[in-house]
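Hi,

Here is the structure I promised to pass on.

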Amino acid sequence: MNALVAISDLVVDFRTRQGPVRALDGASLAVREGEKVGLVGESGSGKSTLAMALGRLLPPNAEWGSGELMVAGVSVRDLEGAALRRLRSHTLGYVFQDPIGTLDPTMRVARQLAAVMEAGAGAADVSSLLADVGLQDHHRIARSYPHELSGGMAQRVSIAMALAANPKLIVADEPTASLDASIRGQILDLLVSLCAAHGTALVLLSHDLRAIAHCCDRVAVMYGGRTVEVGATAEVFAEPVHPYTEALLRAAPGQERLGGRIEPIPGLPPILTGRAEGCAFEPRCRHRIDACALARPESSEIAARQVICHRAEERRPAAP
């Protein structure tokens, strides 16, 4: 499969009154056509910044630094005007955490869907699209305003809008976080199945590691604005190489033994003001050595995955 997304050593800073804050400190990631990739990591790790950078949707106080960001063979940083609008409307689709806040409150659902579908789309096309996302009473929903829908219905409409123009990639940022637990699995399964049916790649951001394990072919673990471990989801979660991945899995609900407790990661994620010269995870790492604080670790290939850790080689998983 061809690389649909190619991100290499991407740096993004945010200007604040207290000075610059580095959100991406040399992040790298590739996403192949039709692939499902999960982005995981604590809040502040850089997941949302990376996701928004794909569509040049960063806020005005963001400053692009070095690195490359290619989507469908085009440099996103170089796009302007009509080319940038086409990237956002035809190449990419976004599904956000709050569906009600994403939809235009002043427009009926049918009008919003028609606006993002190809020219000439009519009421029958809108109804078909709503039916595809599992909305049975699609005639009523098409006439509704967003505030007249439940959270689950609104998120299904958001998924329909994201897929309306047949994009090559869907970026879903915590798409079920605001929904009732009873329907989260349904919405995720719907999103994954529709992407598979359309041949659309999916980048899924989530704190729910079980959801990532269920939905994604590969996982990228982010910390301190870098992708510290990237590989096949089942393999990474079964035998993590990076100490942060290991700690993240120990801290995940459902991983504790009977009668045991979740093991939190000590300390807090870093707030970087520039390039990290050592390993950003070093102050919290139980496996740290002197080199971790003194030298910036580089990416290496370990067991068919990319890992950024000074001790990656000695933590290599045992051969099957």
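F281 has a relative accessibility of 2%, so it counts as buried, the cut-off being under 20%. Please bear in mind that this is a predicted model.

The structure holds 4 aromatic pairs. In one of them, the ring centres of Y223 and F281 are 5.1 Å apart and the planes stand at 80°, so this pair is edge-to-face. Y223 belongs to strand β10 while F281 sits in the loop between α11 and α12, so the pair ties together parts 58 residues apart in sequence. Y223 is buried, as is F281.

F281 also pairs with Y244: here the centres are 5.2 Å apart with planes at 65°, so this pair is edge-to-face too. Y244 lies in helix α11, so its pairing with the loop residue F281 links parts 37 residues apart in sequence. Y244 is buried, at 0% relative accessible area. Together, Y223, Y244 and F281 make up one aromatic cluster.

Next, helix α4, which spans residues 109–116. Which of its residues are buried? They are V109, Q112 and L113. Seen down the helix axis they fall within an arc of 95°, so they line one face of α4. Among the elements covering them are α5, α6 and α7. The face turned away from the buried side carries the exposed residues R111 and A115.

Finally, H207 is found in the loop between β9 and α9 and is partly exposed, with a relative accessible area of 45%. Its contacts include G41, K47 and E174, and the H207 side chain reaches the backbone oxygen of G41 at 3.4 Å.

Best wishes

Terms used:
Residues numbered from 1 in each chain as written. Predicted model: local features only at pLDDT ≥ 70, side-chain atom pairs only at ≥ 80, totals over all residues. Heavy atoms only, no water. Buried < 20%, exposed > 50% of the residue type's maximum accessible area, 1.4 Å probe, protein only. Helix = DSSP H or I, 4+ residues; strand = E, 2+ residues; numbered from the N terminus. Arc of directions from axis to C-beta. Contact = heavy atoms within 4.5 Å. Polar contact = N/O pair within 3.5 Å; in protein donor to acceptor, adjacent residues only side chain to side chain. Phe/Tyr/Trp six-rings, centres within 6.5 Å; stacked < 30°, edge-to-face > 60°. Lists of a residue's contacts leave out its neighbours within four places in sequence.
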